[in-house]
Amino acid sequence: MENGSSHYVPPLLQEVESDFLRNVHALLRELDGHHPAFQSERGMLRWTLHKKIDRNPRNGVLLIKILVKELERAERCNYRQYIIPLLHTLMYTLVKVPCIPDDLYERVYDFCKKLLTLPKPYCTIGLGYARQLKLERTMPGILYQRMVSAEQSLKNDSFPYQEKVFMFMDPDLLSEAVCRALVAEIKAAQISQCARSCMLHVIERALPAVLKDRCNVRNLQDVLKAMPPDVTEHCFQQVVAAVEHAGREASTEFSQCIEELEKTYSTVLNTSEKNPEQTSVEGNSSIPLPNPNISFHLWTDEDQLWKELVLFLRSPSQSCDQDSLSPELDSFEFQEALPDYDYYDEQTRFSILSTDSGIERDLPTLGDDVPSSCSADSERSRLQRKGGMKKKGPSLNSIAFLHSGCTGQGSTTAGKLRRKSGGSIMEPMAPMKRLHTARVLVLGDDRVLGRLAQAYYSMRKRESRRAFLTPRLKVLFYYVPVVEEQLDCAVPDQSEPCELAAYLGRADPWYESNINTLCHMIPKLATMVGEPSSFLLVGIDVQIVWTDANTLSLMQPSSPSKATVSELFIIDVIAYYVRLGLHPIFFQIYAVKLLFNALEPIEDIFLVEMSVTPEEFNPSKESPLMKKKPVIDIPGADFTLAYKKVLLSNREKEEKASLRSTGLVMKAIPSNKTEDLVCLSVNIAEVIKTSNLSGRSFSLVTNKIRTRSINLRSTEQRSFTVCLDKDSKRVYKNVTSIEVSPCLEPSYCLQKTRTRRASFHEEEDVGLAKYLPKSLLLPINTFAGIIQ
C-alpha cells in the first residue's frame with residue numbers, strides 16, 4: 001500500500017498529463033503529414049502546447065517527462081524525424097519552467113550525449129544543448145536570465161551581450177493591411193515589456209531557483225512591485241553578477257553564489273516599509289518569458305539594412321563604455337578605404353587660407369594695428385583658434401560617425417591615432433568581441449529575398465573595404481514567407497512564388513510545420529475583419545485554443561479588464577523561430593553581367609531565378625528582305641550558349657550549343673532533394689524545325705542543363721528581356737549578351753587584386769586570398785539546417 005501510494009497521481013494531474021500526451025502525439029502525426037484535419041492551421045499545436053505552460057508553469061515538469069519519454073522511444077525505434085522537433089520543444093519548455101528535478105536534467109543530458117554519435121545536424125544540436133543543460137544545472141535560471149538580458153538590452157557589466165530583431169517588409173510586395181497588422185501585434189507584445197518589468201522577471205526567476213525553499217515567492221513579488229526603479233536596477237545588477245560569476249567560474253563553489261543571493265534577498269525584504277506577512281512560499285510562479293525586442297521597418301532603400309545595423313551599434317543602450325574616436329577627428333587616414341561609396345562627397349573639405357600659427361603669443365595685441373571697433377571681438381576670440389576648415393556633419397558612411405558611440409571593446413581610444421603600417425611604440429589594439437547580435441527577419445516571397453541578396457552583397461562590399469560591422473556584430477538572417485491571394489509577379493506563368501521557402505521546408509520539416517504555415521495565415525488574420533484592429537481581436541481579446549478533438553475554437557478571456565498579450569500567435573512563432581533557429585542553410589548568389597548595344601554593361605545579382613525572353617523583332621518595311629517570298633513565322637530567336645556542364649560526379653565539362661528558343665529560365669533553387677546540387681538548372685524552351693510533305697513546321701521541346709556559369713549571346717538582330725528574382729522592378733530590356741557566374745566574395749576579390757598588383761599571379765591564389773571564402777553565400781537560418 002505504501003509502495004503504491006508513492007506513485008499516486010492526483011486525478012487533476014492525470015487529466016493534464018493525458019492532455020499533454022494527446023497534444024504531443026498530434027504533433028508527431030503532423031510531422032508525418034497524417035494530421036486528420038485543419039492542414040491549413042499547421043503550426044498551432046506547438047504554439048498551443050507552450051501556451052499551456054505559460055498559463056501554468058507548474059505543469060511544465062509533466063510535459064518535460066512526456067517529451068523525454070518520446071525522445072527515448074524515437075531513439076530506440078530509429079524515428080529520427082521526431083528527434084529534433086521534440087528536442088527543440090523540450091528545451092524551449094525547459095527555459096520557461098523553473099525548478100526542474102535533477103533526474104530530468106540527467107536524462108535529457110544523457111540523451112543529448114547519445115546524439116553525438118549521429119551525423120549532422122543531430123550531433124551539432126545535441127552538443128549545443130548538452131552545453132546549455134550543463135550550464136543550467138550548474139547555475140539554475142542562467143539560460144532565462146541571459147535570454148532576457150540580451151533580448152531586452154538590459155545594461156549590466158556581467159553580461160553585456162545585446163540582441164535585436166529587425167523585421168523588414170517591402171511595402172510594394174505586401175498590402176498595407178498586413179503591415180498594419182504586424183505593427184499592431186508588435187506594439188501589443190511590447191505593452192508589458194518595459195525594462196523595469198523585465199528586471200523584475202529576472203530577479204523573481206533567479207532567487208527562488210537558487211534559494212529554493214528559503215525564498216518566499218509571494219512576499220518577494222509583493223516587495224519587488226513596490227520597490228523604486230533605482231533599487232530595482234541595483235538588485236538586478238547584483239543578481240546578474242552573482243549568477244554570471246558562478247556560471248563562468250567552474251572552480252567557484254556554489255555556496256558563494258547562494259550567499260550573495262541571500263544578501264540580495266535580505267536587502268530586498270528590508271526595503272519594504274512594513275514587515276511582510278508569512279504567506280505561501282510558492283506564491284504565483286507564473287513568470288513570463290518576454291518576447292524579444294522587435295523593430296519594424298518598411299524596406300524602401302537599398303542601404304537601409306546597413307544604416308539600421310550601424311545605428312543599432314551606435315545607440316546609447318548598446319554601449320557599455322563610450323571609448324571611441326572623437327567625432328571631430330579628421331578622417332584623412334581613412335579616405336582611401338572608401339572610394340566606391342561617395343566618401344569624398346559626404347566629407348568635402350573647404351580650404352581657407354589661414355596665417356594663424358596657433359600660438360597664443362602670436363596673436364596681435366589690442367594696440368598693434370587693430371581697429372578699436374574690433375577690440376571687443378578680438379578680446380572674445382583671444383583664446384580661440386581661427387577656423388582653418390569647414391566640414392559637413394558626419395554621415396553614416398564616415399569613419400568618425402561609425403566609430404563614435406561604439407562599445408569600448410575593440411574601439412579606438414579617443415584622441416589616439418593608430419599607424420597604418422610600419423613599427424609603432426603604441427600599445428596594440430585590444431581584440432574585438434562581438435557583443436551584439438542582429439537578427440534580420442524578412443517577410444515576403446522570393447522577390448524580397450532577391451532584394452535581401454542585393455543588400456547583403458552591398459554590405460559585404462562595404463565590409464571588405466573597411467570592416468566595421470563584422471568585428472562587432474553578428475548578423476543572422478531569417479525568412480518568413482508571406483503571400484497574399486492577389487499576386488503580381490513579373491513572370492506570367494509563375495506558379496510557385498516562394499521556391500526558397502519550399503526548399504527550406506523540404507530540408508527542415510520543423511521549418512515547414514512552424515514557419516511555412518505562416519505563408520497564408522498572416523494575410524488571413526490581417527483581413528479577417530474589415531477594420532485594421534481586427535488582428536488585435538484575434539490576438540488579444542480572443543484566445544485561440546485546441547480542443548481535445550483537435551479542432552480550433554475561440555474562447556473569451558477570463559478577465560475582460562486585462563488585455564492579455566500572451567495570445568499573440570504571429571509574434572510568438574517569430575520569437576520561437578529567432579531563438580531556436582540557429583542552423584543556417586547557405587545559398588549561392590549569382591552574378592549577372594548584361595551587355596547592350598548602345599549602353600554601358602550592367603552588373604547585377606540574383607538569388608532564386610533569372611528569366612530570359614526574346615523581344616519581338618520588327619524589321620523595317622524598306623528592308624530588301626521583305627520583298628522576297630514570305631517565310632513561315634517561327635517563334636523565338638537564335639542564340640549561342642557556352643557553359644560548363646555539371647555532372648553527377650560534381651565534375652564540369654565545357655559545352656557549346658547553337659539553338660533557337662522562345663526563352664529560358666535559370667533557377668538556383670533545386671526543385672527536389674535528388675537535384676540538390678550547388679548549380680543552376682537552366683530550362684530552355686527550344687524550337688525544333690521540321691520539314692515534311694505538308695511543308696515546314698516546328699515543335700517546342702524543353703531541355704534542361706545544369707551549370708555553374710553560362711554565357712548567352714544573340715546571333716541575329718534580336719535582343720532579350722531579362723527579369724531577376726521574379727521582380728518587375730528588376731527588368732532589363734534590349735540586352736544582347738548575358739554572362740552568369742557564381743558571385744565572388746568581395747573580400748576575396750579585393751585580396752586577389754592586391755596580390756596581382758604585388759606578385760602578378762593571375763591564376764593561383766596566393767597570400768591571404770588562399771584562406772578567404774571564394775563564393776558569396778547567403779545564410780538563411782532554420783531549426784536544423786539540412787537533414788539528410
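I began with Q193, whose side chain reaches the backbone oxygen of N291 at 2.9 Å. A reminder to myself: this is a predicted model.

Next I looked up where Q193 sits, and found Q193 in the loop between helix 9 (176-189) and helix 10. Is Q193 buried or exposed? With a relative accessible area of 12%, Q193 is buried, because buried means under 20%. Leaving out residues up to four places away in sequence, I noted that Q193 touches Q152, C198, P290, N291 and P292.

**Helix 8 and helix 10**

I then turned to how helix 10 (residues 195-211) meets helix 8 (residues 142-151): their axes come within 10 Å and cross at roughly 170°. The two helices are therefore roughly antiparallel to each other. On the helix 8 side I listed Y144, Q145 and V148, and on the helix 10 side C198, H201, V202, R205 and A206. Sorted by class, this contact has 5 nonpolar, 2 polar and 1 charged residues.

My next stop was an open sheet of 4 strands, in the order 2-1-5-6 and with parallel pairing. Strand 2 (294-298) and strand 6 (473-481) are its edges, each pairing on one side only. From one strand to the next, the twist averages 25°.

I followed strand 5 (residues 436-444) to strand 6 and found 9 bridges joining them. One pair I looked up was V440, whose bridge partner in strand 6 is F477.

Which helix packs on the sheet, touching strand 1 (162-169), strand 2, strand 5 and strand 6? I found helix 14 (residues 304-314), whose direction makes about 155° with that of strand 1. Lastly I noted helix 18 (residues 446-465), which lies across strand 5 and strand 6 and runs at about 170° to strand 6.

Terms used
Residues numbered from 1 in each chain as written. Predicted model: local features only at pLDDT ≥ 70, side-chain atom pairs only at ≥ 80, totals over all residues. Heavy atoms only, no water. Axes fitted to C-alpha atoms, helices over the stretch in contact; angles between N-to-C directions. Parallel < 35°, antiparallel > 145°, perpendicular 65-115°, else oblique. Contact = heavy atoms within 4.5 Å. Nonpolar A, V, L, I, M, F, W, Y, C, P; charged D, E, K, R; others polar. Buried < 20%, exposed > 50% of the residue type's maximum accessible area, 1.4 Å probe, protein only. Polar contact = N/O pair within 3.5 Å; in protein donor to acceptor, adjacent residues only side chain to side chain. Pairing = 2+ DSSP bridges.
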